[in-house]
Amino acid sequence: MKYSISDLEQLSGVQTHTIRIWERRYHALEPMRSAGNTRFYDDNQLRRLLNIVGLSQTGLKISQVCALSDLEMDKLLSNEMDHQISKDAQFEYYITQLLNFGLHYNEYDFDILISECLSIHGMAVTYKNVIYPLLVRLGMMWRRDHICPAQEHFISNILRQKLYKAIDGLPIKPNANSSWLLFLPEDEGHDIGLLYANYVLKAEGQRVIFLGGRVPLDSVKDAMHNNGIDHILLFMVRSRPLNEANEYLNELSNLYETTRIHIAGNYKLISELELASNIGWFQSIEEFEQIIKAAQHVN
């Protein structure tokens with residue numbers, strides 16, 4: 001496919017002027033020219049940009065990452081993938097077999113295996129040890145050109161169905177001791193982590209208003225109106241300019257000064273934000289579980 005620089009901005013979260021700076025200073029990308037002398041990029045250039053963004057989140061400087069060849073990037077991503085190998089042989093078996101079935105669009109065997117894992121271990125253990133590592137590995141495989149978007153969507157949609165089923169099986173308690181609003185900003189669409197948060201909260205007997213992905217701020221305001229929400233939870237996964245992320249969170253914080261706001265997602269982005277006093281950042285599922293327990297004692 002052919003991409004304009006504005007397409008790259010939308011797909012990577014890196015602003016156009018930043019991409020141009022990286023090109024001039026570090027030769028990060030090599031745009032091509034059409035017959036009419038218009039700059040454009042191909043799939044390889046898009047994948048290289050996404051790899052640059054991903055590797056920069058591991059602590060490497062942009063200048064260091066941009067100086068790497070595609071092969072060197074591939075090796076570093078491979079090392080990152082190796083770190084995701086489960087220490088438990090059984091869970092690693094589930095992960096690798098589910099990947100195999102998913103890459104071959106084998107819904108029958110994929111469903112049997114994930115259902116078996118859920119039956120033996122339950123949703124909480126399965127998510128932490130199988131589903132989440134599987135999703136991390138999928139992202140890395142796509143960046144390394146080992147998987148196409150259709151395969152990623154195929155696997156993600158089956159996992160999403162399992163989460164919906166698990167959520168539907170939980171009772172709704174009429175007298176919850178705290179209430180939560182869950183959503184993703186309107187430029188965020190990957191909702192599996194948010195769905196799992198919904199499951200955990202409902203399993204703990206909390207009241208949840210789940211809005212899902214790509215939610216405009218006006219819709220958040222409408223859901224918050226007269227609903228007595230104690231906690232807001234959102235994920236920021238995409239790379240985006242710091243000032244843009246700060247402005248968004250500051251607006252949310254100012255609108256709901258007495259509401260506790262929780263965020264998770266992109267480590268590099270969130271670690272550089274200036275978070276207001278009513279905004280907390282959790283970096284693991286275990287930290288999220290601790291937040292829920294603390295909220296139960298407060299409310």
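This is a predicted model: local features need pLDDT of at least 70, side-chain atom pairs count only at pLDDT 80 or more; totals for chains, interfaces and linings use all residues.
A pocket is an open set of points on a 1 Å grid over the protein atoms alone, where a 1.4 Å probe fits, with protein on both sides within 12 Å along at least five of seven lines; lining residues have an atom within 4 Å of a point. Of the 19 lining residues, Trp 22, Ser 239, Arg 240, Lys 268 and Glu 272 are the closest to the pocket centre. Two or more residues are given to the lining by each of α2 (16-26), α3 (43-56) and α12 (267-271), and the largest share, 3 residues, comes from α2. Helices here are DSSP runs (H or I, at least four residues), numbered from the N terminus. By class, the lining has 8 nonpolar, 8 polar and 3 charged residues. Ala, Val, Leu, Ile, Met, Phe, Trp, Tyr, Cys and Pro count as nonpolar, Asp, Glu, Lys and Arg as charged, and the others, Gly among them, as polar.

Residues are numbered from 1 along each chain as its sequence is written. Local features need pLDDT of at least 70 and side-chain atom pairs count only at pLDDT 80 or more, while totals for chains, interfaces and linings use all residues; side-chain values use heavy atoms, with hydrogens and water left out.

Ile 62 belongs to helix α4 (residues 62-66). Leaving aside residues up to four places away in sequence, Ile 62 touches Trp 22, Tyr 26, Ile 52 and Ser 56, where contact means heavy atoms within 4.5 Å. Ile 62 and Ile 52 lie 10 residues apart in sequence, and their C-alpha atoms are 7.4 Å apart.

Helices α8 (residues 149-168) and α9 (residues 192-203) pack at an angle of about 15°, with axes 10 Å apart. Axes are lines fitted to C-alpha atoms, for helices over the stretch in contact, and angles run from 0 to 180 degrees between N-to-C directions. The two helices are therefore roughly parallel, a term for angles under 35 degrees. The contact residues of α8 include Leu 159 and Tyr 164, and those of α9 include Leu 195 and Tyr 199. The contact divides into 9 nonpolar, 2 polar and 2 charged residues.

Helices α10 (residues 217-224) and α11 (residues 242-255) pack at about 20°, with axes 12 Å apart, and are therefore also roughly parallel to each other. Leu 217, Val 220 and Lys 221 of α10 meet Tyr 248, Glu 251, Leu 252 and Leu 255 of α11.

Methods:
Angles under 35 degrees count as roughly parallel, over 145 as roughly antiparallel, 65 to 115 as roughly perpendicular and the rest as oblique.
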